[in-house]
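Have the structure open beside you as you read.

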Amino acid sequence: MAWDFDTDSAYAERLAWADRFVRDEVEPLDLVLGSPFDKANPETVAVLEHLRAKVKDQGLWACHLGPELGGQGYGQVKLALLNEILGRSSWAPSVFGSQAPDSGNAEILARFGTEEQKTTYLYPLLDGRIASCYSMTEPQAGSDPSLFTTSARRDGDSWIIDGEKWFQTNARFAAFFIVMALTDPDAGAHHGMSLFVVPAGTPGLEIVRHVGVGTEAAERGEHAYLRLTNVRVRAEDMLGEQGQAFAIAQTRLGGGRIHHAMRTIGMARQAFDMMCERAVSRQVRSGTLGELQMTQERIADSWIEIEQFRLLVLRTAWLIDKHQDYKRVRGDISAVKVAMAKVAHDVVLRALHLHGSIGISNEMPFSRMMVDAETMALADGPTEVHKQVLARQVLRQYTPSTTLFPSYHLPSREAAARRYVDGLLEHVVAQY
Ligand SMILES: Cc1cc2nc3c(=O)[nH]c(=O)nc-3n(C[C@H](O)[C@H](O)[C@H](O)COP(=O)(O)OP(=O)(O)OC[C@H]3O[C@@H](n4cnc5c(N)ncnc54)[C@H](O)[C@@H]3O)c2cc1C
């Protein structure tokens with residue numbers, strides 16, 4: 001029977017190396033350097049190159065990708081164990097070649113891209129030489145793709161795209177955009193939309209403004225409001241088949257959601273560690289904060305929630321490795337997505353609260369973490385939608401009761417049990 005919570009010793013050693021490396025050599029970058037996606041900045045590129053070489057030496061570069069794409073083909077469980085370390089740092093995913101949104105974009109380019117698209121976009125992306133943007137959400141519609149209006153119309157050998165996109169992560173750094181557009185409005189959202197690879201600088205592609213999250217200043221914001229006016233791309237720039245955008249997006253988002261969840265374990269643990277340090281350090285009249293029962297309850301609840309969440313993430317990663325099919329684990333991924341936002345929110349809020357005024361100040365990372373936690377509840381679909389997905393999938397496994405009372409109605413079950421036991425007694429008593 002295969003049932004094992006151990007990490008094999010060779011990989012455990014690599015994880016121990018990653019843990020030290022991220023703590024000593026990567027986390028400091030978060031505090032003093034700008035975005036790791038800014039490939040136009042020679043400092044960023046040089047630092048990334050230097051650190052990536054060390055990661056590659058350890059065989060941990062893009063470890064979720066197959067060897068044909070320069071990775072190790074370790075799969076999702078091993079990636080989960082690594083990602084919970086990387087989740088402590090905003091630079092770490094870029095140093096290890098698993099940064100969103102590039103990782104998801106690389107995944108769909110690898111699976112659905114043409115040779116030309118792979119050469120022009122995928123390989124430079126995998127090498128970390130360029131950054132990318134995924135363009136789906138629109139100002140008037142996010143959760144419900146049937147309300148998207150960005151369209152592409154055929155014009156000879158070209159497509160002409162018109163519309164607006166909203167909250168476009170890394171648009172300011174992107175060398176290309178993967179844009180979702182309606183190509184056949186009559187076919188509806190599921191079959192009438194297609195994806196296009198649009199190079200940055202294409203005439204008509206305009207960043208209306210940059211948008212920051214939380215209290216971030218707009219000029220530093222990394223999520224753009226994008227407008228496409230008569231943007232002409234070649235027919236060969238379509239990614240995948242016409243009408244396939246929704247199906248491809250689900251593949252992309254399936255991976256993206258679980259990868260975020262893996263990293264969220266790291267962030268929640270970081271908040272938890274800070275909370276525990278505070279609990280044993282801060283004095284109150286009767287001793288330390290940690291000696292107060294309400295503090296102990298916060299710590300116990302947080303520990304349990306993080307461990308429960310971690311098990312759910314690892315089990316879902318294991319299911320993805322086993323089935324190699326995101327569709328089969330859609331409900332599980334939705335469960336992870338919902339739990340991720342709640343665990344992050346609850347643990348970070350408790351940690352912030354236990355730190356008092358310094359906790360809410362800009363001298364601690366909790367406000368940013370709170371915004372990150374809320375982002376988990378919105379980006380890639382809000383919590384409500386994922387609860388619906390999960391519940392629908394669960395309910396599909398049940399059939400309605402055909403009797404007046406529920407099938408587990410005790411008097412009915414007791415009558416059936418009585419008939420069974422009477423028959424059994426008649427049989428065994430006659431025998432002995
Ligand atoms: C940090 C961040 C980065 C992002 N990056 C990108 C990106 O790179 N590319 C991209 O295309 N998009 C990106 N997004 C957009 C993201 O995918 C959307 O925010 C998300 O799909 C929700 O859409 P919306 O913001 O329009 O909210 P809405 O769809 O307006 O939903 C708002 C709220 O309404 C409620 N709601 C909506 N639908 C339902 C429902 N069916 N049942 C019950 N309640 C419902 C929920 O409470 C929800 O939170 C990003 C978002 C964030 C926060």
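How much of the chain over residues 246-395 is helix, and how much is strand? Over that stretch, 82% is helix and 3% is strand, with the end C-alpha atoms 24 Å apart. Helices here are DSSP runs of H or I with at least four residues, strands are E runs of at least two, and both are numbered from the N terminus.

## Before you dig in

Keep in mind that this is a predicted model: local features need pLDDT of at least 70, side-chain atom pairs count only at pLDDT 80 or more, and totals for chains, interfaces and linings use all residues. Residue numbers start from 1 along each chain as its sequence is written.

## The whole chain

The chain carries 14 helices and 10 strands. Its C-alpha atoms fill a box of roughly 90 × 65 × 40 Å along the principal axes.

Of the 432 residues, 39% count as buried. Buried means that 20 or more other C-beta atoms lie within 10 Å of a residue's own, exposed means 12 or fewer, and partly exposed is in between, with C-beta atoms placed from the backbone. As for contacts with a separation of 6 or more, 69% of them link residues 24 or more positions apart. A contact is a pair of residues whose C-beta atoms, placed from the backbone, lie within 7 Å.

## Domains and annotations

The chain splits into domain 1 (9-99), domain 2 (131-239) and domain 3 (247-395), with bounds that come from an automatic or database domain assignment. The centres of domain 1 and domain 3, taken over C-alpha atoms, are 21 Å apart. Where these two touch, 12 residues of domain 1 are in contact with 15 residues of domain 3. The domain 1 side of that contact has five nonpolar, five polar and two charged residues. In this scheme Ala, Val, Leu, Ile, Met, Phe, Trp, Tyr, Cys and Pro are nonpolar, Asp, Glu, Lys and Arg are charged, and the others, Gly among them, are polar.

Over residues 19-128 the chain is 63% helix and 0% strand, and the end C-alpha atoms are 22 Å apart.

## Where α5 meets α8

Helix α5 (residues 102-112) packs against helix α8 (residues 245-281) at an angle of about 140°, with the axes 9 Å apart. Axes are lines fitted to C-alpha atoms, for helices over the stretch in contact, and angles run from 0 to 180 degrees between N-to-C directions. On the α5 side, the meeting residues include Ser103, Glu107 and Arg111, while α8 brings in Thr251, Arg252 and His259, among others. By type, the residues of this contact are three nonpolar, six polar and three charged.

Most residues other than glycine have a negative phi, and most peptide bonds are trans. Ala100 and Pro101, though, are joined by a cis peptide bond, with omega about 5°. Pro101 sits in the loop between α4 (92-96) and α5.

Ala62 has a positive phi, near 40°, and lies in the loop between α2 (42-57) and α3 (76-86). Gln324 also has a positive phi, about 50°, and is found in the loop between α9 (293-323) and α10 (330-354). Buried or exposed, which is Ala62? Ala62 counts as buried because it has 25 C-beta neighbours inside 10 Å. Gln324 has 10 such neighbours inside 10 Å, so Gln324 counts as exposed.
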